[in-house]
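Me: I have a chain open here and would like to go through it with you piece by piece. Could you take my questions in whatever order they come up?
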Amino acid sequence: MKTITITEKGQELKYIIPESWKQVSVGQYMQLMSKDMEKMNETELIYHLIESLIDIPVQKISKFKKSEVDEVFKHLMILTETRPSEHLNLIVEMDGVEYGFNSKLHDISLGEFTDLDTYLQDGFQNLNKVMSILYRPVIDKDKKKFRVEPYDFTKCEERFDLFKEKMSIDTVFGCLCLFFFF
């Protein structure tokens, strides 16, 4: 993992620079996609990439040395020129809980369908909510199969923040690739 150390007011602060999409959370990606980057000038793009992918507020970025910002930007541009993984993760673990992909999409409830349809209308801005519907706690598992808990919107709602903060965007892209072939 690549880090950058910035000295601010005599205190050293370390920030992680993602080197793969696996290190980027759903929330970071949602923030990245919240603006049209093609309409940004280079300075705006630099600020936006660093703020979104490293979680450094714009006010702090402007105080960094230009050479540090240039180095970070170079690494982030390398990342953005690659694609997230298209591998479907059937089970992901966050905070000690296994969440399984509900692979029975052909048999989803009306509530699941309605909620997915509603959240998918806003593009990338509800990825955490979509994923909380598609990935639910594993309640039964053997060597080859697993079962997830039944759909309950209230329980999904409880996972919105967790999935936004801790789920990798790689997991999302693997899942979304499945939808294109479904």
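Me: Where is the place of D95?
Reply: D95 sits in the loop between β3 (91-94) and β4 (97-101), with strands (E, at least two residues) and helices (H or I, at least four) taken as DSSP runs and numbered from the N terminus. This is a predicted model, in which local features need pLDDT of at least 70 and side-chain atom pairs count only at pLDDT 80 or more, while totals for chains, interfaces and linings use all residues. Residues are numbered from 1 along each chain as its sequence is written, and side-chain values use heavy atoms, with hydrogens and water left out.

Me: And what is phi of D95 near?
Reply: Phi of D95 is near 50 degrees, a positive value in a residue other than glycine. D95 counts as exposed, at 54% relative accessibility, where exposed means over 50% relative accessible area, buried under 20% and partly exposed in between (1.4 Å probe, protein chains only).

Me: What about phi of D55, and where is that residue?
Reply: Phi of D55 is near 60 degrees, again a positive value in a residue other than glycine, and D55 is placed in the loop between α2 and α3. With a relative accessible area of 48%, D55 is partly exposed.

Me: Is K63 buried or exposed?
Reply: K63 is exposed, with a relative accessible area of 62%, and is found in the loop between α3 (58-61) and α4. The C-alpha atoms of K63 and D36 are separated by 25 Å, the two residues being 27 apart along the chain.

Me: Switching to α6, which residues there are buried?
Reply: The buried residues of α6 are L127, N128, V130, M131, S132, I133 and L134. That makes seven of its eight residues, so α6 is largely enclosed by the rest of the structure.

Me: What does S132 touch?
Reply: Leaving aside residues up to four places away in sequence, S132 touches C156, R159, F160 and F163, a contact being heavy atoms within 4.5 Å. S132 has 0% relative accessibility and counts as buried, and a polar atom of its side chain lies 2.8 Å from the backbone oxygen of K129.

Me: Now the pockets: how much space lies in the largest pocket?
Reply: The largest pocket holds about 290 Å³. Of the 14 residues that line it, N102, S103, K104, F146 and R147 are the closest to its centre. On a 1 Å grid over the protein atoms alone, a pocket is an open set of points where a 1.4 Å probe fits, with protein on both sides within 12 Å along at least five of seven lines, and lining residues have an atom within 4 Å of a point. Points are joined across faces, edges and corners, and the volume is the space filled by probe spheres set on them.

Me: What gives the largest share of that lining?
Reply: Strand β6 (residues 146-148) does, with three residues. The lining of the largest pocket divides into five nonpolar, two polar and seven charged residues, with Ala, Val, Leu, Ile, Met, Phe, Trp, Tyr, Cys and Pro as nonpolar, Asp, Glu, Lys and Arg as charged, and the others, Gly among them, as polar.

Me: And the second largest pocket, what volume does that have?
Reply: The second largest pocket has a volume of about 200 Å³, and of the 14 residues lining it, W21, L32, M37, T80 and E81 are the closest to its centre. Its lining divides into 10 nonpolar, two polar and two charged residues.

Me: Last one: how many helices and strands does the chain have?
Reply: The chain has eight helices and six strands, and 43% of its 182 residues count as buried.

Technical notes
Polar contact = N/O pair within 3.5 Å; in protein donor to acceptor, adjacent residues only side chain to side chain.
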